Amino acid sequence: MSVPTLPQVEEIIRQFYTSQDPSYQKSAQEYLHNLQKEPFAWELAPHLLSSQNENSQFFGAHTYQVKITRDWQTIPEERIEWMRAELIRWLVRFSGGPTFIRTKLCLALAAYAIRAVPTYWKDFIPSVYQDLRSRSSQTVEGSFITEQATEVMLLEFLTILPEELGRVDLEPVKKAKLSSDVSNGVPVVMRFIEEILVGGNIASKSRALVCLRSWVQYGISFEVFQPLLGLAMNSLLDDNTFDAAADVWSEIMSSKAGARHQDTICEGLMPCFASQWAQSKLVESIQAEDENVGKSLCQLLSTFGDNFSDWIAAKFLRPDIIVYLGMMMGFAGFPGYYAEDESTSDMTLNFWYMLQESISELPTENYEDTSGNGFDYDQHTALSCVSSVSNTLGLERESLQSIKLASIQVYSRLVEVLRKKLEFPLNKDWLTWARDVRQEFSGHRQEIADTLINSYHVLHQKILAQLIDTCSVQLDRIQEANRMGPNLAHNQPLESELVGLEATLYCLKALSEVVPHTESDQMPRFFSDRIFGRLPTNVVCRARETALGLIGSYADWFKVHPQFLLPVLNFVIPALEIPLLAPYAAKALKNICDTCRESLVEAIDAFMTVFANVEKAIDPSIKGSVVFSISTVIQTLPVERSISPLVGLLGDIFARSNECLETRKQIIAVDNSEINKSRQTNSNGESDLDPLTSSIVLQLGFLLSCCKGLQSPLDDEMRTGEERIQLYQRTMEDRARSLASGGMAVELLRSMEHIIHGAVMMWPHEPEVAEKTSLLVKTMMTVSHFSPLYLPLSAITQVIETGYQQHAFPCWLDACARVVSVYYYESTGGSLASKLSTNVPVTTPAMSESFSSESYLGDISKQSILNLDSVSNVSVPHRQQSPGELENERLFARLLAVMIAKTMEGMQSLSDMESHPDTVHSFFAVLSQFVRHAPLAFYSAPEEQSEALMRFAIAGLALQERLALKATLLFLIEFVNQGYEQLELRQRIDSLISRIGPQMLRGILLGIGGQVPRSMVPQLNDTLYPLVGKYPQECRAWMQTLLAESEFPSKHADSLSKEKFLKGILQTRSPKRFKDEVHQFSNKCRQLDGSMFGSAIYQL
């Protein structure tokens, strides 16, 4: 960079601060930033400080700071002392301001001191103190330096210095020397602060307190600043210095030094906190509803309580502590609504938690507790330690009991204070609040809820009794206010009472986390007719919302007290038809049904009757949740008893679904092209489902919710193979027995089949219908239990085949993968070994069609694919399976044939695969499931089709889309890792590997060489490792041939690296070493060998 003139630099600075063009400001900032890196910037700084423009002066001071911090080594040694004098000269010159320039010069001087001490500047704190004080009341460079200006200048530097010392990162030796020099100078600082606190003016006293706080934060020892504590205490009593003094004390209380001198600090501060002055501050703040008056005091009191709660608990009965707790209670209940009117009350919440913890840690006595609500401690253990702990805390045995009883009184009062703070404003006021204020208020309510939970650990049942008594009184007043009519808009007294009731219910809801499920004194009283039975149901209000949430939160309690379930359901279910209450009612119902399903079985008829009365009024947005909830209860019923409730639950859904199917059928009958149409354009020009399609998707969603609810909790249990087969056979027997009796069970199954098949046939090309239908089918896949609603295996596979043949949506492939993993083992007779004990031919689909000549499969493009209309005999050895198991074996073989045929029909080139990565991903996931779970079905096809399929997978190694490529690699890993003891299968696999091995290795090596993203190299390694391990000689020959090709697998791989790679992977069976060799060779091929980036990718 060429050296600019001073006017040029000043002009750039001027435009940087005044320009409205962001792009110019950015370029100017970059220029000035680079300017400070230049050597001539040392000389530029004083010229800029001499400017008449404040922005130029600031940039000059900033340049000094930057150069000292970044380019200290470039200062000639003979100029170092001169630099100090220069900085002090400029600091004195700007001692009267502007403030922001003086601050920047103080930062520059602090940066200088950190680097110069002690080599070039010993005892720097006394030195700078004397230097600056010596210039007081003198004329310097034409300006008179007042004593006030000197104090301000010194205090600012001494405030900034410890802050900068705390930020700097130095080598240990240098840091130790600097710390030693600082320690020697700290007494000078303390004497200077003391001097100002004793005789300085108000402004200087506040600055001195800020300076003291900075040094306490730095970490000076307690003994160093202890002489100033009395002055800092007096400063609390002066309104002009209170805020600064409060900050000092907050820092002291939060410091390690404060923790080590707890008694000294607490005994010193508590008289101040309990003084008439502090109490008058609180009263003044509350009466004026002006939190600015008392907020700093609240912060100070809260910091004290947060740090010294153990001390407060031990001295709980002292009069000054009682006064302190009363003040904290006053701030906790500060007038106004939090976030809208005040932000003080939340400062106290953490203290009440800390105090509860400290009280809980006090030892307990073996005394009679007439309330029956003592602490939950082992009294024998407590008695053994009470003497020693009491001596430590200075407590008598009698006072421990008194503290416990007094804490109950304090926390009982706190509960009422917090309950009041929970109250919402009237609705007309609430609607005027800004959105962020509403959110902050709601968050504050949750914080209060946490504090109430802590209060429970002190009060136990007393807090429940207190809240329930309050609730009873409120209900009496609501009953009285109700006489003026239930319209809240014209009955403000009723609305006010409901607001109070909501707060009480919210408290009880919060306590659900800690109330024992076996609690049998207070909660039964609440859920009795005297309290719960009187909750308002004739108005829509927030109190009902909270009551519904309360019910859901006590689901585990209802499980132990099922006698209250029907009354609460009579409160919940009618709310489902009220739009504003429905979401809360649906959530409560879900919690109750999921937790108490066994208890609700006996009341299922009454339950369904109540539901039938409101079903048609339930909003569709929550109906799915309601259907799921009721289904979880039906799931626990015996099959025979579940049929009638299912009919009642699904009757309306079936009827609406059939209406949709019939209407769609009529539309298609008029114009067959309508079968491809299911969407319309909305007013925004976007594509939406048409009303009929939206309706069927909605009904399918309700059926899906029902099926999810019917899933048994036993589905996830681990079982042996024999147990799985027996369970499946038992389920099939239950199905046959249930359907043999005919009646509603058969009608249920037929209705479900009709709707599912109808949706697939009437909307074959609509992805949302396909997605919802496939999810519905997947949800029915279970062998742990039977429901008359679930389709049998044959019907499920038929739906999957039909849906996929009409349109190759990936969701059908996902359903196919699921059905293989769930059903194949159980439905076909168990493990592979048990099936291959004899040789019996299995008829499987054969092949006739061929790929097009343009196929990416190259020389095998004429190979055929499956033809579902003909069969051939493939000799596959297996044990004597039952006719049903043989039929299921053929069923899975046919299912795979359909999936392969349809997929490969649409994948005639690599670009097709790239265009449908989701389909490729799901297809290879299906193949992985068949290889893992159903190898007989996978290998039932003729060898030429298996070979064509594997070449299809090998072609997928060239994919760049990560999702599809990863699924391809996972399938190949699954395929290569197969290991069967049966000779016939081993020969089949070995024969296949011998034909496709070279092509597979080519694809793997090209991927390692850079054809695929680096993140896929671990999967390529996992494919190559077992392949080399199982076929070492073949892989050696194939790889020698491949690696002999020029520029294979990358032009960056030379012959030496290829030889090293080949030797490395063939001579080791250590997975780690093998992986290292693959990684190194891949980095070489990608020109990343030796780079940190390449190593990082490997580690990742």
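## Charge and surface

The protein chain carries 97 positive and 131 negative charges, and their mean positions are 4 Å apart. Lys and Arg count as positive, Asp and Glu as negative; His and the chain ends are left out. Each charge is placed at NZ of Lys, CZ of Arg, CG of Asp or CD of Glu.

The accessible surface of the protein chain is about 48,100 Å². Carbon and sulfur atoms make up 50% of that surface. Areas follow the Shrake-Rupley method with a 1.4 Å probe, and for residues only the protein chains shown count as cover.

## Basis of the model

This is a predicted model: local features need pLDDT of at least 70, side-chain atom pairs count only at pLDDT 80 or more, and totals for chains, interfaces and linings use all residues. Residues are numbered from 1 along each chain as its sequence is written, and side-chain values use heavy atoms, with hydrogens and water left out.

## Overall build

The protein chain has 54 helices and eight strands. Both are DSSP runs numbered from the N terminus: helices are H or I with at least four residues, strands are E with at least two. The radius of gyration of the protein chain is 41 Å, well over the 31 Å that the globule rule gives for 1100 residues, so the chain is more spread out than a compact globule. That radius is taken over C-alpha atoms, and the rule is 2.2 Å times the number of residues to the power 0.38. Along the principal axes, the C-alpha atoms fill a box of roughly 115 × 90 × 70 Å.

Of the 1100 residues, 54% count as buried. Buried means under 20% relative accessible area, exposed over 50%, and partly exposed in between (1.4 Å probe, protein chains only). Among contacts with a separation of 6 or more, 75% join residues 24 or more positions apart. A contact means heavy atoms within 4.5 Å.

## Helix 13

Helix 13 covers residues 242–254. Its 13 residues should span 18 Å at 1.5 Å a residue, and its end C-alpha atoms are 18 Å apart, which agrees. The expected span is 1.5 Å times one less than the number of residues.

Among the buried residues are Phe-242, Trp-249, Glu-251 and Met-253.

Gly-97 and Pro-98 are joined by a cis peptide bond, with omega about 0 degrees. Pro-98 sits in the loop between helix 5 (80–93) and helix 6 (99–116). The bond from Phe-1048 to Pro-1049 is also cis, with omega near 0 degrees. Pro-1049 lies in the loop between helix 51 (1032–1043) and helix 52 (1055–1066).

Glu-1047 lies in the loop between helix 51 and helix 52. Its phi is positive, near 55 degrees, in a residue other than glycine. Glu-1047 is exposed, at 55% relative accessible area. His-460 has a positive phi of about 55 degrees and is not a glycine. His-460 lies in the loop between helix 24 (435–459) and helix 25 (461–481). His-460 is buried, at 10%.

## Two contact sites

Glu-423 is in the loop between helix 22 (397–421) and helix 23 (427–430). This residue is buried, with a relative accessible area of 14%. Beyond neighbours within four places in sequence, Glu-423 contacts Tyr-337, Phe-441, Val-499, Gly-500 and Ala-503.

His-921 belongs to helix 45 (residues 917–933). At 27% relative accessibility, His-921 is partly exposed. Leaving aside neighbours within four places in sequence, His-921 contacts Leu-963, Ala-964 and Ala-967. His-921 and Ala-967 are 46 residues apart in sequence, yet 5.1 Å apart in space, C-alpha to C-alpha.
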